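Subject: Structure for your files

Hello,

Here is the structure I said I would pass on. My notes follow it.

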Amino acid sequence: MKTLIVIPAYNEAQNIERVVNNLIDNYNQFDYIIVNDGSKDNTAEICERNNYNYLDLPINLGLAGAFQAGVRYAYENGYDAVIQYDGDGQHEASYIQPMIESMIETNSDIVIGSRFATKKKPFSLRMLGSRMITMAIKMTTGKKIKDPTSGMRLFNRKMIEKIAQNINYGPEPDTISYLVSCGAKVSEVQVEMHERVAGESYLNLTRSARYMTNMFVSIFLVQFFRSKE
Amino acid sequence: MSVTLRIVLIVMSILTSIYVLVQIRKSQLKIEEASFWFFFSAILILMGLFPQIVNFGAKIFGVQAPVNFVFLGIIFILIIRLFHLNVKLSQLENKVENLTQRYSIDENNRRKESKKVQ
């Protein structure tokens, strides 16, 4: 399977070289593309200097728009699968191959790099949100997704076509839930994730609350009115 | 409805129309967008000139003071307008996203081409 690693990067100057060099040096069987999402730091400059393959968005679109740019690139260049991969070093590239194998074996449309596929989810405040989303998806689709908020997801060609061409397909749990209700097959592969090494996390209390509200409205209400293909 | 309120309605609607026309003259507003505001002014003028309409509406909807019916109507129209603007904003955002992505992918292709030539 011709697989593209999509790396959305917003102000990741401190991380991007480490992350991408690792991919180039040790995993060159995969293609990659960095999507510089209008960073204010010198992320673009680093990409240019290192001769990386990158898209340079002139303005900041946010994660959904940046990821979609990468998926459009994959769509136009005939890739069979796309993996969403963090620019801050949280994800471990050694799990990409197992995820691809799982996609082929189980004939899945989406494979989630899951922290809780075989391991138990800890009872922390952070995981409360994850539990609530798991429950919401289970209630509306009947499918149990153990790590819906994992940012490491593999999509096949069918999903690439949808994500590249439509709005409201941001790489978030509600999209997964909607795709499941459209008949997409989702499976999970156990992975390890690192704490971010440098830079700032996007989530704070206000943002988390807004995020949860959006997810619940989307999964419990909007999902039922979206057209199912 | 008091005479003062009627005068206020009429004056406000005339001022609104003038302001809209000025904005069109200054090329700040598309003509098709302006029609909403003319329609809006027309409703204010009608309510100011013919308070019977307001009294009648208030009676039908069971609003005690006719003036409240004026407010209700205006709020209602503005909420619909607000929602329309929200839809437009979403469409606009989508267009900007599309354009940005298209641009960056084309630029990526150009970059590769120029590197190939070198």
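Two residues are taken to be in contact when heavy atoms lie within 4.5 Å of each other. The model is a predicted one.

Interface

By that criterion, 18 residues of chain A and 15 residues of chain B are in contact with each other. Together the two chains bury about 1500 Å² between them, and carbon and sulfur atoms give 49% of this area. On the chain B side, the residues that lose the most area to chain A are Gln101(B), Ile105(B) and Arg111(B), which together make up 33% of what that side buries.

One pairs Arg102(B) with Glu76(A), with the closest N and O atoms 2.7 Å apart. Residue pairs in polar contact between chain B and chain A, both at pLDDT 80 or more, number 11. Sorted by class, the side of chain B that touches chain A consists of 6 charged, 6 polar and 3 nonpolar residues.

Nonpolar cores

The largest nonpolar core has 38 residues, and those touching the most other members are Leu4(A), Val82(A), Ile110(A) and Ile176(A). Helix α3 of chain A (residues 62-76) supplies the largest share of this core, with 6 residues. Setting aside neighbours within four places in sequence, Val82(A) has contacts that include Leu4(A), Val6(A), Phe67(A), Val71(A) and Ala74(A). Also in contact with Val82(A) are Arg153(A), Leu154(A), Phe155(A) and Ile160(A). Another core, of 30 residues, lies apart from the largest one; among its members are Ile5(A), Ile16(A), Tyr54(A) and Val189(A).

Two loop residues in chain A

Glu12(A) sits in the loop between β1 (3-9) and α1 (16-26) of chain A. Its relative accessibility is 8%, so Glu12(A) counts as buried, the cut-off being under 20%. The side chain of Glu12(A) makes a polar contact with that of Asn15(A), at 2.8 Å.

Asn50(A) belongs to the loop that runs between α2 (43-49) and β3 (54-57) of chain A. Is Asn50(A) buried or partly exposed? Asn50(A) counts as partly exposed because its relative accessibility is 27%, and that class covers values between the 20% limit for buried and the 50% limit for exposed. In sequence, Asn50(A) and Val20(A) are 30 residues apart, while in space their C-alpha atoms are 9.9 Å apart.

Regards

Definitions and conventions:
Residues are numbered from 1 along each chain as its sequence is written. Chains are lettered from A and ligands numbered from 1 in the order in which they are written. This is a predicted model: local features need pLDDT of at least 70, side-chain atom pairs count only at pLDDT 80 or more; totals for chains, interfaces and linings use all residues. Side-chain values use heavy atoms; hydrogens and water are left out. Helices (H or I, at least four residues) and strands (E, at least two) are DSSP runs, numbered from the N terminus. Buried means under 20% relative accessible area, exposed over 50%, partly exposed in between (1.4 Å probe, protein chains only). Buried area is the accessible area (1.4 Å probe) that two parts lose on being put together, summed over both. A salt bridge is a side-chain nitrogen of Lys or Arg within 4 Å of a carboxyl oxygen of Asp or Glu. A polar contact is a pair of N or O atoms within 3.5 Å; within protein, one must be able to donate a hydrogen and the other to accept it, and residues adjacent in sequence count only if both atoms are side-chain atoms. Ala, Val, Leu, Ile, Met, Phe, Trp, Tyr, Cys and Pro count as nonpolar, Asp, Glu, Lys and Arg as charged, and the others, Gly among them, as polar. A nonpolar core is a set of buried Ala, Val, Leu, Ile, Met, Phe, Trp, Tyr and Cys residues joined through side-chain atoms within 4.5 Å.
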